[in-house]
Amino acid sequence: MKKRIVSCLIAFAIVMGGFPGSAWAGEGALCHHHKAHTERLAGQEFLPALYSEQTTPLQEETVTLYLENGDIIISEDMCIQPGGVTPHNGDCIITQKDSETPTANTVNIVLEEGCTVNITIRNIYIDAANSEKAAISISDNSRTELVLEGTNRVASGACCAGVMTGGAGSELAIRGSGSLEARGGSYGAGIGGALNQEVGTIHIEGGTISAYGGIGAAGIGGGDAAAAGVPSGGTGVIIISGGAVYAEGTENPEETGEDAVYGAAGIGGGYSAGGGTIEILGGDVTAVGAAKAPCIGSADISNITISGGTVRTRRKPDDAVKDAHEIGGYQDAWFTAPASLDSGENGRAVIYVSGPDRISSWSTVRETWNGVVWEGDTGTVYGTVDLTEDGITIGAGQTLEVPGSSDPASEPVLTVTKEGFHNSGAITGTGLVMVDGEKYRIEDNRLVPLTPDPPEVEVSITGDPSKIYDGTAAILPEGGCTVTGSDAAVAIFYKARSAPDSAYTASAPVNAGEYVVKAVCGDAAAEKAFTIAQAAPAAALIPVSVQYDGAMERTVDLSAAIAPYLLPEDVPAYTVGAFPENGCLPAEAVRAGGNELFFALSSGAEMPGGEVVVDIPVTVSGFTNYTPLTLTVRVTITAQTPSEPADPPTPPYWEDPWDDGDRFSEGGTFPNVPDRTPDSPAAETTLDSGEKVTTAERPDGSKVIEVKRTDGSASTTTVSASGRTVTTVKLSESAAAQSGVIALPMPAVPSVRDAAQAPSVTINGPEGAVMTVEIPVENAAPGTVAVAVDPDGARVVLRQTVPSENGVIIVIPAGTAVRILDNSKAFADVPAEHWARDAVDFVTSRELFSGTDAAAFSPDQEMTRGMLMTVLARLDGVETAGGQTWYEKGVAWAADRGVSSGEAPGQAVTCEQAVTMLYRYAGSPPAAGSLSGFLTDAVSVSDYAVNAVNWALENGLLTEADSGLMVPKDAATRVQTAMILMRFVERANHFAGVVE
């Protein structure tokens, strides 16, 4: 069979004169199966590819052919044009560079039995009317799927159909969003059979179709069959389930005589063609028949199903002889049997014919029909018809009859929607009509509800829930709304003014803000805006006593004073005001950071009277429920009495070993200096590394730990009685200059969940130095992060915090203060035993991901391209909040950085696309990994993603253990993406350009 087809193709090409002999040299058999390809794809379920850097739906690129290059022959796996042979995988595109200029080149689809091709025609214009060729021809016993894009026009030569199907075994499916105008040559259908040819199966699923038959041929269906005897040729199987279809048959003026049948159907048989099956299941269909021929049908047809859509029939010309049914067979021809018209199950078609008795055997068919039939200007509803999807229009001068029982308990005969029912004429009958779920009877040519309309209900709100915040809910006062027209209960709802209507809840608000109250009674509702104003907090005085001895530093914790006014989501901001000039406490030595006030006493100041009192005003803002709070830190500084001279300072309690006289040059926080009188002498230990660790206890239960290294690096750590630690580290120039990770000389600090109690670490070093350091942490976990604290108190989570064996590793400029915080989140759908709990803790604690709501992470939800672009932008330090959409800034960043094209942000991202974005973010480094561990998936990796997947394998982002989990073309879930991203951040130091 293959050899025969190949021979036919070669012969066809030689006859056409389009292919030079050299083009065939060494090509071998042209019609063959890709066995290995078929076996590899067998049994697999493929999803359409999402937009990525490769847009083809299959692994192989779709072939595009241009008609200007000559006639086209298409087999099941290759395309032939003058100059060469192009393999394809079942899909190809046919187009023209100039679609306004017609070409006589044609398309010939020659397939082996049982084979299928999918052909897209895009803006083609074939005019083969002066030849003896079909514009598009299809072989027998095969299936062709024709997809329409743009505007397409085809016309064939004599005895050929415009789009010519093969014999009875061929199948043609037409779909798409474009249009097709198909014109048959003399004796050939617009779409279907040629002269004396069997038609096969034609299925129209979409698009805008105009089909014109040639002499004696149908618009869609059979060609002229007179030469083969009467009846013959065949209508085939015609199925229309969608689209806008216009089909026009043509008469045959060559046949004369009293019994001659002169015309062809719009849809169905050509001249003398008989038999066949026609099914109209949907769409907007117009069928125009020639004189003495049906508009839909053929001779001897016995199976016509019209169960959906809108069907219109008419004659051409309007005064043509009308001695044939418009739907069915010929009315007077001796070889015509009555047609059986079927509406199928749950029929809902609307049919328009020119007048009574225009449907074959209608007197018996109407008893079982479901649908609406218009005979001229009179329409009748038959059976029980639901037109909620299609609607119906009664035009001026038209009458629609709805028969049936008027008993209110009866079922409606016709079901429509208010939007889909248009009446400019008359509606009559006794049947019930259902409109938007409510029954109507027919009275005076209009629809009247079975039950009277209820009285109109009106709701108004007269009360006002506005108040000043006091910790209780703001509730609409009793009697605060009025209802007329109903005694039904009123429901009260509340929402934030800026929130969408879907956010309404029955819970009244408590916190300060702008809100809306809504009163609902049935379908009536009223809204009113109101305000919960901020309350004024009571001013607070924080006394601080300091004994002056020349040079001291102090930290004042403000958290207790502001705690009564804070909500968990509030971020307080501190402003230090002006205070009286004095010699002990200069203004430039005072600042606020975090929840603390830092000050340093000047050296050598005189204290008249032995005591100085300085009131430092601090304004605290950022409260949801309160206006700014005024704090006064009253610092009482007393001099040491001569009778009790102060002991000289003894390290390590308060001496700063690297103090150069300027306490503020490092840009960090001040150490929390202990009371000068220790409980016991300091204990000193020398470690094997040479580090000296000195620990001193305070009377109040706090202690100071000092660590010194031989290279000059050192730290001072204050641990309060409550366990809060504050550490200041200074790295020497030699330590800061070393490559790799610098382990800090300091004791391990705990990781806590309470931000106010989080350990503080300030890392000083040479000016301008950027260092990779390891902070020792006792209980570091995936959710442990470093939070940078700016001098103004603002906090930023360091998203590239990497957990290590001894703590956490960060990259940080000298002089930066950080807090160590357990920032992990709790999600009900990711319990502690979940296989990816560590990854979820990692990405959410670094605020790269957030939950889908307060209690859910949705681990198995598909990750979209926009989500991943936004996550990577956050990892790169980009502020992604704001914009018209939540992903706008992330997508713009990805396109600017070359991480992705930025397109299709709402589509799911595949695993290979996710890895490719990370690879590009890492600078597209050379890759030496191997796909050998992915035995089932290696062949599925797209060409554009091979380097990225190899790189991910080489660097541990993917492992062979992920083989059954990470399928390259499957959509990546949120938890899978979290796992890859955690591995990426943990290995960030290995990737060029990620850590700057």
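**Close-up 1. Isoleucine 238, a buried residue of strand 19.** In this predicted model, isoleucine 238 is buried, with a relative accessible area of 1%. Look for isoleucine 238 in strand 19, which covers residues 237-240. Leaving aside residues up to four places away in sequence, isoleucine 238 touches Ile202, Ile220, Gly221, Ile267, Gly268, Thr277, Ile278 and Glu279.

**Close-up 2. Asparagine 108, a buried residue of strand 6.** Here we turn to strand 6, residues 107-109, where asparagine 108 is found. Asparagine 108 has a relative accessible area of 9%, and because the cut-off for buried is under 20%, asparagine 108 counts as buried. Isoleucine 136 is 28 residues away from asparagine 108 in sequence, yet the C-alpha atoms of the two are 5.9 Å apart in space.

**Close-up 3. Helix 6 crossing helix 11.** Two packed helices are described by the angle between their axes and the distance between the axes. For helix 6 (residues 837-845) and helix 11 (residues 974-986), the axes come within 8 Å and cross at roughly 70 degrees. Angles of 65 to 115 degrees count as roughly perpendicular, so helix 6 and helix 11 are described as roughly perpendicular to each other. The crossing of helix 6 past helix 11 is left-handed. On the helix 6 side, Asp838, Ala839, Val840, Phe842 and Val843 take part; from helix 11 come Val975, Ala978, Met979, Leu981, Met982, Val985 and Glu986. By type, the residues of this contact are 10 nonpolar and 2 charged, with no polar ones.

**Close-up 4. Helix 7 beside helix 9.** The next pair to find is helix 7 (residues 865-875) and helix 9, whose axes lie 11 Å apart and pack at an angle of about 25 degrees. Angles under 35 degrees count as roughly parallel, and therefore helix 7 is roughly parallel to helix 9. Helix 7 passes helix 9 in a right-handed crossing. Arg865, Leu868, Met869, Leu872 and Leu875 of helix 7 make the contact with Gln913, Ala914, Met917, Leu918 and Tyr921 of helix 9. Sorted by type, the residues of the contact between helix 7 and helix 9 are 8 nonpolar, 1 polar and 1 charged.

**Close-up 5. Helix 10 and its packing partners.** Helix 10 spans residues 946-954, and its buried residues are Ala948, Val949, Asn950, Trp951, Ala952 and Leu953. After helix 10 comes glycine 956, which has a positive phi, near 80 degrees.

**Overview. The whole protein, for placing the close-ups.** The protein holds 11 helices and 66 strands. It has 996 residues, and 50% of them count as buried. Taking contacts between residues at least 6 apart in sequence, 68% join residues at least 24 apart. The protein exposes about 43,300 Å², and carbon and sulfur atoms supply 50% of that area.

Key. Residues are numbered from 1 along each chain as its sequence is written. This is a predicted model: local features need pLDDT of at least 70, side-chain atom pairs count only at pLDDT 80 or more; totals for chains, interfaces and linings use all residues. Side-chain values use heavy atoms; hydrogens and water are left out. Helices (H or I, at least four residues) and strands (E, at least two) are DSSP runs, numbered from the N terminus. Buried means under 20% relative accessible area, exposed over 50%, partly exposed in between (1.4 Å probe, protein chains only). Contact means heavy atoms within 4.5 Å. Accessible areas come from the Shrake-Rupley method with a 1.4 Å probe; for residues, only the protein chains shown count as cover. Axes are lines fitted to C-alpha atoms, for helices over the stretch in contact, and angles run from 0 to 180 degrees between N-to-C directions. Angles under 35 degrees count as roughly parallel, over 145 as roughly antiparallel, 65 to 115 as roughly perpendicular and the rest as oblique. A crossing is left-handed if the near helix is turned anticlockwise from the far one by less than a right angle, and right-handed if clockwise. Ala, Val, Leu, Ile, Met, Phe, Trp, Tyr, Cys and Pro count as nonpolar, Asp, Glu, Lys and Arg as charged, and the others, Gly among them, as polar.
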